[in-house]
Amino acid sequence: MTTAEITLDITDRPPLTPGQIAIRRFRRHKMAIAGVILLLGVVLFVIVGSIIISEADSNFIDLEARLSPPSLEHPFGTDNVGRDILARTIYGGQISIIIGLLAVVISIVLGVLVGAISGYYGGFIDSILMRFTEAMFNIPSLFLLIILAKMLAGKIPTFTFWGRSFSGSVIVIICVIGLTSWMYLARIVRANVLSLKEQEFVTAARCIGASNLSIIFAHILPNTLAPIIVSATLQVAGSIISEAYVSFLGVGVQPPTATWGNLLDQAYHHLESEPWMWFFPGMFILFTVLSINFIGDGLRDAMDPRALVDVN
Amino acid sequence: MNESQTLVQVKALKKYFPITEGIIFQRETGSIKAVDDVSFEIKKGETLGLVGESGCGKTTTGRTLIQLYRPTAGDVFFEGINLAETKGKELRALRKHMQMIFQDPYASLNPRWTISRIITEPLRVHNIAKGKASMDKVAELLELVQLNANYMNRYPHEFSGGQRQRVGIARALATMPKFIICDEPISALDVSIQAQIVNLLEDLQEQLGLTYLFIAHDLSMVRHICDRVAVMYLGVIVELADRDELYSNPLHPYTQALLSAVPIPDPRITRARKRIILEGSPPSPENPPTGCRFHPRCPNAKEGCKTETPQWREIKPNHWVCCLDC
Amino acid sequence: MEPLLELQNLVVKFHTLNGVVNAVNGVSYSVETGKTLGIVGESGCGKSVSVLSIMGLIPDPPGKIAGGKILFNGEDLLTYENRQMESIRGARISMIFQDPMTSLNPVLTIGKQISESMELHLALSQKEAQGRSLELLSLLGIPNPKERFNDYPHQFSGGMRQRVMIAMALSCNPDILIADEPTTALDVTIQAQILELTKRLQGEMGMAIIWITHDLAVIAELADRVSVMYAGYIVEEADVFDLYDSPRHPYTLALLKSLPSVDRRRAHERLATIPGSPPDGIAVFPGCPLAPRCHFMVERCLHENPKLKTIGLNHKIACWVNVNTGKEI
């Protein structure tokens, strides 16, 4: 075997994890990079803004300055009770983004569990879980959102976290969005699990004696990361929009806690007369959702399983 | 041949796969009789070849033997213990002693795991070694299969097919098994690599005293590596004999056709040979032909072959055939 | 005899994320009417790429034909535009592939797929094409052609599908049939049927065949002349009996030695191996690409890449060493 060492050994090249390959591919996707930059801008705005402006300022009612257009003192103008919209956009952004992220966590956990159990065990369990998933799919999601939000409104009291107080409706909205958006991922995960469980490396694991749990979580799921990550990313955008819908209809997060959605709700009666009330929150929703979608596209291309190019 | 112990004994093994229909409750409408009453023995230290064409059930036999599929009927004795009746923890403990090498070097290694994680999985599952001890074991195993120990932290996609197959072999050896089923281990490899892997398997057998069940369709390679060979057709074994005996005196018409169909890398010999060309293709294992399964394609088929099921008989010493005519 | 098809110094490269793959490095071979050229080599040697270039099927990007000529009846196919190639493909030069399932359209009946080619190239009416298709199906040994005409590919077994592919390929009576590993995925008894069938059809229809495989035994069955490829180069070329009687290139020799012996007494002798693995085509060697793996390597092999030279009657090799003596030529 010694003559073989003359050829290029793979130890001459740096190791390439599947993750590194994905990152490399992602970086070539121009729209995705633009999305990252835009999203970073929004996140920085929301974080840095909250350091400069205090929450009290965002809730400060100044009736004399009510409904005033953008000016040096109030760069985004004021709302119907004189609160500074710039400050509210900043704090509202925090809540909207947090709702987006946490709702997605719930939906991923549910979607992956249902999909994995359904796909791996098959048979009767699969039938029942899939019929349930399809039933959930068939209920119009907005309808479900509104009903659940109304049902659970006011059930959870205001709470404090990290020295700030939040309306209990934030928790409600997070749960409601999470509980109504897991189905798509469940289907995708199930499809992937069905095909992966026939792969020889899974058979090899069973032959070694690995337990079912170990096979699902250590072997199969890491190989379906791609659709999970892509779906999660796109769902953050979806959740932000769902929150906006629900709050706009008045059954979402209740004031004084600001979100981009309920800022739009408050602008409802001032659509033409005081456009700055909906323009700024609306633009931020647009930027955030757009940038997340670009990132999602880039991730989808980067994590395409055909990207795992092998040496030969 | 001297008296050696029997390591594995398969008796009347059957594996049927049900065909089902139904939306919520599935009902059985038929079954695929992939393995339909197969019996054989594997002695300690030998290499038994199991050959046949696609659909004959050889891979299913291997997987049912090792209990990756639970048998529909029949027994599998491993060192006297009936695997078909063992379950749960007991079965898992027995898995230490029997392992498998797979056909596709690209699909049999988890693409997201490093080589060392792949090889140490058996060590973790059976609590054999942890931490540094397991890393030492990995280095030892990589050396055994002639791979550079520095490859430990690399991913499968960085290796060639032959190298990946070596990793698969290292993984199979991790628990120091007594018995390894080689399920078409070289079919997916380039010609020049096949010889390397076959030599490796032979060396390992000698070094570690392994017993192999070698499942393959490449008859010339089977002749090289195996001590005895069994030929399967549509779920049953039609002939079983010592290697040299089978290749020089095949008795079953299917074996004869199979051997005559193998092209030989020598133009003068191969063009001069008289071929037995079989008509058509093997029927579906869902509805095997009545009587002798081979009768629709058999050049020697007679009236009785359609109705009578042939018996498994020892025609010559150590040469078994399942045929009405022989 | 004038060659029907001649490749001259074909160079094909692929531009991939990992670098430029030199798939074909100045390959020349030819085939005459009624004869079979066998191209044998392992994966990555460039055999498939060279014939895809003949058919104009190299995807561009990432592939690029970087040099050479493909002369068919005196004309260079590489200068042809796509429209001109369309009149050649299927009509004058046909190809069959390894996996018949993916080469056949699953939503069209096989009858339609066979007739399509004839309606297009031979300007036959639907009825005429259908009649000819039925003839072809029985010529190829497919039972009950009238009923099977309206069946879909998935209703056929692997061997039958391959016969359908051959029927499609031969429907317009091409001058050349290119077969890219058509029996690799088939069982050995089905392979025997297809090989027998191919020989018979060549006898009846007289076309030239280029048969690509990695299986030295199949080549021994079919070919009149053999080219052995490695790393994008032709390393040996000879008449078939000559090649197997006296292989002169270390790679051919090593390949033959790594096969289990047919001789019963030597059937279980240890197999001779070629250490290492075939190169990936991206790394460029200054010398002979086989040098790192070659038992006969000398100093010169590491620096200079040998060119193909005639050393006997119609026998060419690309090597610095005489394998019979072990000394430099």
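**Note on the predicted model: chains A, B and C**

1. Strand 9 (residues 225-230) and strand 10 of chain C run antiparallel to each other, paired over six bridges. This is a predicted model. Within that pairing, C:Y230 has C:Y233 of strand 10 as its bridge partner. Two residues lie between the strands of this hairpin, and C:A231 takes a positive phi near 50 degrees there.

2. Is strand 10 of chain C enclosed or open? Strand 10 spans residues 233-239, and six of its seven residues are buried, so the rest of the structure largely encloses it.

3. Next, the contact between chains B and C. On the chain B side 35 residues take part, and they touch 38 residues of chain C. Five helices of chain B each give two or more residues to this side: helix 6 (191-208), helix 7 (219-225), helix 8 (243-248), helix 9 (253-261) and helix 10 (267-272). Helix 6 of chain B gives the most, with seven residues. By type, the chain B side divides into 15 nonpolar, twelve polar and eight charged residues.

4. Chain B as a whole holds ten helices and twelve strands. Its C-alpha atoms fill a box of roughly 70 × 60 × 45 Å along the principal axes. The radius of gyration of chain B is 21 Å; a compact globule of 326 residues would have one near 20 Å, so the two agree. Buried residues account for 49% of the 326 residues in chain B. Of the chain B contacts between residues at least 6 apart in sequence, 63% join residues at least 24 apart.

5. Chain A has 13 helices and two strands. Its C-alpha trace spans about 85 × 50 × 35 Å along the principal axes. Of the 312 residues in chain A, 40% are buried. Contacts in chain A with a separation of 6 or more come to 71% from residues 24 or more positions apart.

6. Which residues of the largest nonpolar core touch the most other members? The core has 255 residues, and the answer is A:I173, B:F214, B:V231, B:I237, C:I176 and C:I210. Helix 4 (residues 85-121) of chain A supplies the largest share of this core, 14 residues. In soluble globular proteins, nonpolar side chains tend to be buried together.

7. Beyond its neighbours within four places in sequence, B:V231 is in contact with B:V51, B:G52, B:I237, B:V238, B:E239, B:H252, B:Y254, B:T255 and B:L258. One of these, B:I237, is also listed among the core residues that touch the most other members.

8. Last, helix 10 (residues 212-220) of chain A. Its buried residues are A:I216, A:H219 and A:I220. Seen down the helix axis, they fall within an arc of 115 degrees, so they line one face of helix 10. What covers these buried residues includes helix 4, helix 8 (183-196) and helix 9 (200-208) of chain A.

Methods: Residues are numbered from 1 along each chain as its sequence is written. Chains are lettered from A and ligands numbered from 1 in the order in which they are written. This is a predicted model: local features need pLDDT of at least 70, side-chain atom pairs count only at pLDDT 80 or more; totals for chains, interfaces and linings use all residues. Helices (H or I, at least four residues) and strands (E, at least two) are DSSP runs, numbered from the N terminus. A residue is buried if 20 or more other C-beta atoms lie within 10 Å of its own, exposed if 12 or fewer, and partly exposed in between; C-beta atoms are placed from the backbone. Two residues are in contact if their C-beta atoms, placed from the backbone, lie within 7 Å. A nonpolar core is a set of buried Ala, Val, Leu, Ile, Met, Phe, Trp, Tyr and Cys residues joined through C-beta atoms within 7 Å. The arc is that of the directions from the helix axis to the C-beta atoms. The radius of gyration is taken over C-alpha atoms; the globule rule is 2.2 Å times the number of residues to the power 0.38. Two strands pair if DSSP finds at least two bridges between them. Ala, Val, Leu, Ile, Met, Phe, Trp, Tyr, Cys and Pro count as nonpolar, Asp, Glu, Lys and Arg as charged, and the others, Gly among them, as polar.
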